[in-house]
Amino acid sequence: MKQKDKIKQRLKSYLEKNDFDVFDLKSVIFDMDGVLYDSMPAHDKSWRETFDELNLEHQPYEFFLQEGRLGKSTINEIFQRNLQRDSTDEEEINIYARKSELFKQYNKGEILPGAKEALNFVKDKGLIPVLVTGSGQPSLLDKLSYHFPGIFTPETMVTAFNVTNGKPHPEPFILGLKKGGNLLPNQAIVIENAPLGIKAAVDAGIFTIAVNTGPLDDDVLIDAGASIVFHSVNELNENFPLILDIINEINHHS
Ligand code: MG
C-alpha cells in the first residue's frame, strides 16, 4: 500500500474507533526521552548499574520496556520481582537519587536529530506543542528552554511533579490535553517512543504516532496501540506535512 493510503487508513480507523467524525487539530503532544533527547541509552545504563549495585536482577531491555513509568513505579516492580515486597518511600528516594546521579554522569544531553525541526514545524503550523514526560528532573524547564527556545512553558508541560498516576495510566495525557487548551482527544496527536507511553496516550483516546528510536521491535509499539511507526524523528518530519494534508482531506470529505 502507498504510504499516503496507509496513513489515511490509520487516521480514518482512529476516528471510527473513537467516535469522532473529524480531526480538529490544535496541538501536538511530545514525549521527551527518546523523542526529543537521545537520553534513553544513559537512562538504561544508569538504571542497570543502580540495581546491579543492590544485587537486584532485571531483564533484558527492561528499562526500555518500562520507559515512561515514574521512577518509584520502576523501583517497585523490581522489588516485587526480586524481594516479593513493595519498596518503601525511603528506598525509592535513595534509589532514584543514585540513578539520577549516574544519569547525570552518563547523559550527554544530546537532542535527537530532527527534534528541533519537528517542534518548529508544529509551532509554525499554528499548533501548540505540549510536553508530557514521566521525568522528574528539577531543572527540566531550563534544559528545554536552552535546547528548544520559545517552545514550552510551565503551562504547556506535564512532568512527574504534576501527576498522581504516571504512564501507562492515561492521566499524564489527559492533563496534556487540558494544558493544550482544554482539548478533546481528536484535537491532538501524540508523538511517543515507548510502549507504556503509547498505551497511556491511546487510552487517553489520542491518535498516537511512534518514533522507534530504541532497540525494541516495531511490533512492541504497534501492540501498545501506535497507529503509525516511524524509525526516526527525521522520518516523522518527512511525513508531517503529508499527515496534515490527509487530515484536511478527511475533514473536507466528511
Ligand atoms: Mg520516551
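A residue is called buried here when its relative accessible area is under 20%. By that cut-off, Asp 31 and Glu 67 are both buried. Please keep in mind that this is a predicted model.

**The magnesium site**

Let's begin with these two residues and their metal. The magnesium ion is coordinated by Asp 31 (OD), Asp 33 (O), Glu 67 (OE) and Asn 193 (OD1), at 1.9 to 2.1 Å. Along the chain, the donors follow the spacing D-x1-D-x33-E-x125-N. The pair Asp 31 and Glu 67 links distant parts of the chain, 36 residues apart. Asp 31 sits in the loop between strand E1 (27-30) and H2, while Glu 67 belongs to the loop between H3 and H4.

**The sheet**

Six strands make up an open sheet with parallel pairing, in the order E3-E2-E1-E4-E5-E6. Strand E3 (157-158) and strand E6 (228-230) are at the edges, and each has a single partner strand, so one side of each lacks a neighbour in the sheet. E3 pairs with strand E2 (residues 128-132) in the parallel sense over two bridges; Val 132 has Val 158 in E3 as its bridge partner. Helix H9 (residues 195-203) packs on the sheet, where it touches strand E4 (188-192) and strand E5 (207-211). The direction of H9 makes about 165° with that of E5.

In H1, the buried residues are Ile 7, Leu 11, Tyr 14 and Leu 15. They cover an arc of only 100° around the axis, which puts them on the same side of H1. This pattern has a simple background: an α-helix has 3.6 residues a turn, so residues three or four places apart point the same way. Cover for the buried residues of H1 includes E5, E6 and helix H11 (233-252). Turned away from the buried side is a face with the exposed residues Glu 16 and Lys 17. After H1 comes Asp 19, with a positive phi near 60°.

H4 buries Gly 71, Thr 74, Ile 75, Ile 78 and Phe 79. Their arc around the axis is only 135°, so they lie on the same side of H4. They pack against helix H2 (40-53), helix H3 (62-65) and helix H5 (89-106). Just after H4, Gln 84 has a positive phi of about 55°.

Definitions and conventions. Residues are numbered from 1 along each chain as its sequence is written. This is a predicted model: local features need pLDDT of at least 70, side-chain atom pairs count only at pLDDT 80 or more; totals for chains, interfaces and linings use all residues. Side-chain values use heavy atoms; hydrogens and water are left out. Buried means under 20% relative accessible area, exposed over 50%, partly exposed in between (1.4 Å probe, protein chains only). Helices (H or I, at least four residues) and strands (E, at least two) are DSSP runs, numbered from the N terminus. The arc is that of the directions from the helix axis to the C-beta atoms. Contact means heavy atoms within 4.5 Å. Donors are N, O and S atoms within 2.8 Å of the metal (3.2 Å for Na, K and Ca); water is not among the atoms, so sites may look incomplete. Two strands pair if DSSP finds at least two bridges between them. Axes are lines fitted to C-alpha atoms, for helices over the stretch in contact, and angles run from 0 to 180 degrees between N-to-C directions.
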